[in-house]
Amino acid sequence: MVREPDGVGVIDLGVLAADEPDEPAGPVVTSGRIRLLAAVLAVAAVLTGVSAADRLPRQRVSTLAFLPSSAGSTWVVDDALVMVFENQRAVAYDPRGWRELWSVQEAALVHAVAYDDVVVLFRGDAMNEPAQEKPEWAVAVDRATGQRRWSSERQLEVRGDVMVAYQPAAVTPDIELRDTRTGRVRWRVPAALSWTVDSRRAALWRIAPDGELVEHDLHTGAVRRAARVRLPEPGRYLNLTLGRDAVGVTGFGDGGWARGTTFWYSTTDLTALSAAGQWAWEQDCGRGLRCGHTFDGEQVFLVDPATGGVLRTMPAGQTAGSPLGPLLLGQEGQNDFSVPTVRGVLDPRTGELNTGLKGWRVLAANGDLVHVLGWYDLPNRRTYLAELTERAAVRLGAVPYLLRECALTGRTLVCATMAGEIVVLRVEQEPR
């Protein structure tokens, strides 16, 4: 449901109309209650001068290019670089014409980050390799040529112009802060029971073996502040997490996260804070709202973006944000293809679930927000597409492929198909 300025609620079911040619029968909800509600709201829209057809331009989607691939996946690095990851190599493309730039013969690469003239390619399954083989977690290549610059046998996290390198299985990990361009070590973190990177403050937080909470400058390693704080007890393990201008210390043992205790401290002066409004992690849920997650991952709350206070408890199940609002996801039907399925769109005011998009599949997201959905016409091997906006789900039409996943770059979709192909689609507005 979309709230219009005059206070009238409008559900834009018309943009996915069932009476247009070639429209799939499945996604349209046909119960009498929904038809009556849609009719009432359509009359209200006319009376207030609101028309979905008038305010939302029609869109169309066309095929721009096919990219050679062997069961690849796609990753948009930035506006000038798109990667296709296959089983044994990674291929770089220029989206301004879809010309192949270079390729790297490396197995199991899954995503990439660019920094100046370097592209860092990351593996996804290095932990499954035999320890004696010492697989490379990341490979850095020259952006223009694809020539290797450096590689890392440690897991890496890129944070601005520095990287954090560590061994994930170590109890007290030896942590290194490296230069993104050269891969060289800038400084090393002293022994830590737990650590986390605070990108907003360009800081690294750690708990020293003696229980002291320490903040380091991310670039130099200099200690900004340190204090001995109360730690959770009992707890065999400690974990640091970042909240709203706060750092949390969680202790958990054999009972896992569900039995863990968290103490929160101000990032300004390390004084103790209330746990109110602090979450294990937050995500953008659309419509200017945030979703807060508990440490055990079993509960999600719709929260105020300013304070973190609870506005509403989300229904059980997987949650994703979208411009249209929070989506409830699940796996329904026999042909799930491991693609998340929409159960409904949550109305944040009432908590009601609008099921007009039930059964549509999540195809493309940008950051935390889902932007493109698909509906499979299996007999004809087609996928119907819809774009989620702040106003409605806008139909884009059908393409003659069964799409598995897509990456967004501007108004272009780079999609992997069920057949293992990579197809580039362009979304355009039709002239009126």
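## Chat about disulfides, cores and a pocket

User: Hi! Let me start with C291: buried or exposed?

Analyst: C291 is buried, with a relative accessible area of 0%. Keep in mind that this is a predicted model.

User: Thanks. Which residue does a disulfide join to C291?

Analyst: That would be C285, and the S to S distance is 1.9 Å. C285 counts as buried too, because its relative accessibility is 0% and the cut-off for buried is under 20%.

User: Left-handed or right-handed, that link of C285 and C291?

Analyst: Left-handed, with -110° about the S-S bond.

User: How many disulfides does a search of the whole structure find?

Analyst: The search turns up 2. The C406 and C415 link is right-handed, with 105° about its S-S bond. Both of these cysteines are buried.

User: And what is the pairing in sequence order?

Analyst: If you number the bonded cysteines along the protein chain, the pairing reads 1-2, 3-4.

User: Nice. Switching to pockets: what volume does the largest pocket have?

Analyst: About 770 Å³. Its lining has 38 residues, and those nearest the centre are L363, A364, A365, N366 and C406.

User: What does the lining of the largest pocket look like by class?

Analyst: It has 21 nonpolar, 11 polar and 6 charged residues.

User: OK, on to packing. Which residues touch the most other members in the largest nonpolar core?

Analyst: L385, L403, L413 and L425 do, within a core of 18 residues. The elements giving two or more residues to this core are strand 32 (361–366), strand 33 (369–377), strand 35 (393–399), strand 36 (403–409), strand 37 (412–417) and strand 38 (422–429). Strand 38 gives the most, with 3 residues.

User: What lies apart from it?

Analyst: Another core, this one of 16 residues, including L327, L357, V370 and Y384. As background, nonpolar side chains tend to be buried together in soluble globular proteins.

User: Last topic, aromatics. How many aromatic pairs does the structure hold?

Analyst: There are 5 aromatic pairs. One of them is W264 with F295, a tilted pair at 6.5 Å centre to centre and 45° between the planes. This pair links distant parts of the chain, 31 residues apart: W264 sits in strand 22 (residues 261–266), and F295 in the loop between strand 25 (289–293) and strand 26 (300–303).

User: W264, buried or exposed?

Analyst: W264 counts as buried, at 4% relative accessibility. F295, on the other hand, is partly exposed, with a relative accessible area of 24%.

User: And what about W279 and F301?

Analyst: W279 and F301 are also an aromatic pair, tilted, with 5.3 Å from centre to centre and 35° between the planes. W279 lies in the loop between strand 23 (272–273) and strand 24 (281–286), while F301 is in strand 26, so this pair ties together parts 22 residues apart in sequence. W279 and F301 are both buried.

Methods:
Residues are numbered from 1 along each chain as its sequence is written. This is a predicted model: local features need pLDDT of at least 70, side-chain atom pairs count only at pLDDT 80 or more; totals for chains, interfaces and linings use all residues. Side-chain values use heavy atoms; hydrogens and water are left out. Rings of Phe, Tyr and Trp (its six-membered ring) pair if their centres lie within 6.5 Å; planes under 30 degrees apart count as stacked, over 60 as edge-to-face and the rest as tilted. Helices (H or I, at least four residues) and strands (E, at least two) are DSSP runs, numbered from the N terminus. Buried means under 20% relative accessible area, exposed over 50%, partly exposed in between (1.4 Å probe, protein chains only). A nonpolar core is a set of buried Ala, Val, Leu, Ile, Met, Phe, Trp, Tyr and Cys residues joined through side-chain atoms within 4.5 Å. A disulfide is a pair of cysteine sulfur atoms within 2.5 Å. On a 1 Å grid over the protein atoms alone, a cavity is a set of points where a 1.4 Å probe fits but cannot get out, and a pocket is an open set with protein on both sides within 12 Å along at least five of seven lines; lining residues have an atom within 4 Å of a point. Grid points are joined across faces, edges and corners, and a volume is the space filled by probe spheres set on the points. Ala, Val, Leu, Ile, Met, Phe, Trp, Tyr, Cys and Pro count as nonpolar, Asp, Glu, Lys and Arg as charged, and the others, Gly among them, as polar.
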